[in-house]
Amino acid sequence: MTTRPAPPFDTTRLDHLMDTAGVDVVIASSKHNIQYLLGDYRFFMFEAIDAIGLTRYLPLLVYPAGRPELAFYIANSNERFELELNRFWVPEVVTKSRGTVDAMQMALDGLAERGLSAGRIAVETCFLPADAWDVLRTGLPGSAPVDAVEILEELRAVKSPKELDLLRMASDGVVGAMQATFAQLAPGMTKNDAVDILRREEIARGLTWEYCLITAGQSLNRAPSAQVLEPGDILSLDSGGNCSGYLGDLCRMGALAPPSAELQDALAQIEEVQQAARKPLRAGAPGGAPFEAVADRLKPAREGSFAFVVHGVGLITHEAPRLMDNGPIPYPAPHRTRPLEAGMVLSVETTWQHPRLGFIKLEDTVAITETGCEAFGDTARGWNLAG
């Protein structure tokens, strides 16, 4: 008889979060939370896309608070091959789903079989298709499902040593790929060429390509395009590449010619903010500490727009801890007044959109430790010369 492994996450933490939210059952449906709850698992067949026929792939992991022995996973029928390889810790895996409606109906059947239908249920509302939501509401007419996103975000906020290693490898890989890309650039190439090189370099380092925001010259446009790189142009590469799902999200600067004294000074001002933000970071420091640390450096009037942002990063960007309610992505900032915890990971970024010089930015990935912080991919912070 095969013994199933223990759940790969902190069930005590999840149970507490569910109890605090008054939730009896969580139904996870996003790829990143399915991966987390199943322990680094993504079904290979739908890792890149979800659509199939007239529907889409919809994995559902059902977890009752305090009862991991009653958890179950609704899987695509082809996930039976993964089941044969003993990929799952959950006691029951139903490999019969072909789409969204039947997947949710199987989840409801599983709840009924376990006597859990009367409990308060939380689902990932922004990751649940409308037809699956209709099945849920029709099948549980007396229930008012609530959102599970913040519960699961809180669960993932503190990274394990294995997760930190993956984030470190992703960050090192992204920055290494950027350095290799800058070294291959020359006037006459295009922004598209630069992004193509960066994609190849990230893949060559074992990363899964995500995206690149790129600027060149004085332009503040960050889309890949046929814009030609001119002699003396500066470039910013802001890219995400993941290692087993964990995101390396960093920005570095390059130049097609030695930068002017004004450009050097501009990047130095950004670097001062970045380094000042790190100084108070440690377990127990309030989430708002980096903002207080850089406040004086943000006051001087500057040409253009000068912005400072800190957000959590892990399986997705802008995940918990959420420290800003006035940043580029709209969400509340419940962690700004709470103490940071060892294992939390932050993206720290300072951006200067300069009307004459162009787009200048550094973005770093920083892990909180008991005594301070550790930066991942912490190289190539100055002007990287092309060629």
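The model is predicted, so local features need pLDDT of at least 70 and side-chain atom pairs count only at pLDDT 80 or more, while totals for chains, interfaces and linings use all residues. Residues are numbered from 1 along each chain as its sequence is written, and side-chain values use heavy atoms, with hydrogens and water left out.

**Stop 1: the sheet**

Select residues 25–28, strand E1, and residues 121–123, strand E7; the two pair in the parallel sense over 3 bridges. Strands (E, at least two residues) and helices (H or I, at least four) are DSSP runs numbered from the N terminus, and two strands pair if DSSP finds at least two bridges between them. Within this pair, Ile-27 stands opposite Val-123 in E7.

Next, select helix H2, which packs on the sheet and touches E1, strand E4 (60–64) and strand E5 (72–76). The direction of H2 makes about 55 degrees with that of E4. Contact means heavy atoms within 4.5 Å; axes are lines fitted to C-alpha atoms, for helices over the stretch in contact, and angles run from 0 to 180 degrees between N-to-C directions.

**Stop 2: Asn-78**

Select Asn-78, in the loop between E5 and helix H3 (80–84). Asn-78 counts as buried because its relative accessibility is 15%; buried means under 20% relative accessible area, exposed over 50%, and partly exposed in between (1.4 Å probe, protein chains only). Leaving aside neighbours within four places in sequence, Asn-78 is in contact with Phe-43, Met-45 and Arg-98.

**Stop 3: the largest pocket**

Select Lys-31, Arg-42, Glu-47, Glu-210 and Asn-242, which of the 25 lining residues lie nearest the centre of the largest pocket. On a 1 Å grid over the protein atoms alone, a pocket is an open set of points where a 1.4 Å probe fits, with protein on both sides within 12 Å along at least five of seven lines; lining residues have an atom within 4 Å of a point. The space in this pocket is about 660 Å³, a volume being the space filled by probe spheres set on the points, which are joined across faces, edges and corners. Strand E9 (208–216) and helix H2 (31–38) each supply at least two lining residues, and E9 gives the most, with 4.

**Stop 4: the second largest pocket**

Select Arg-222, His-318, Pro-328, Glu-349 and Lys-361, which lie nearest the centre of the second largest pocket among its 19 lining residues. About 330 Å³ of space lies here. Strand E14 supplies the largest share of the lining, 4 residues.
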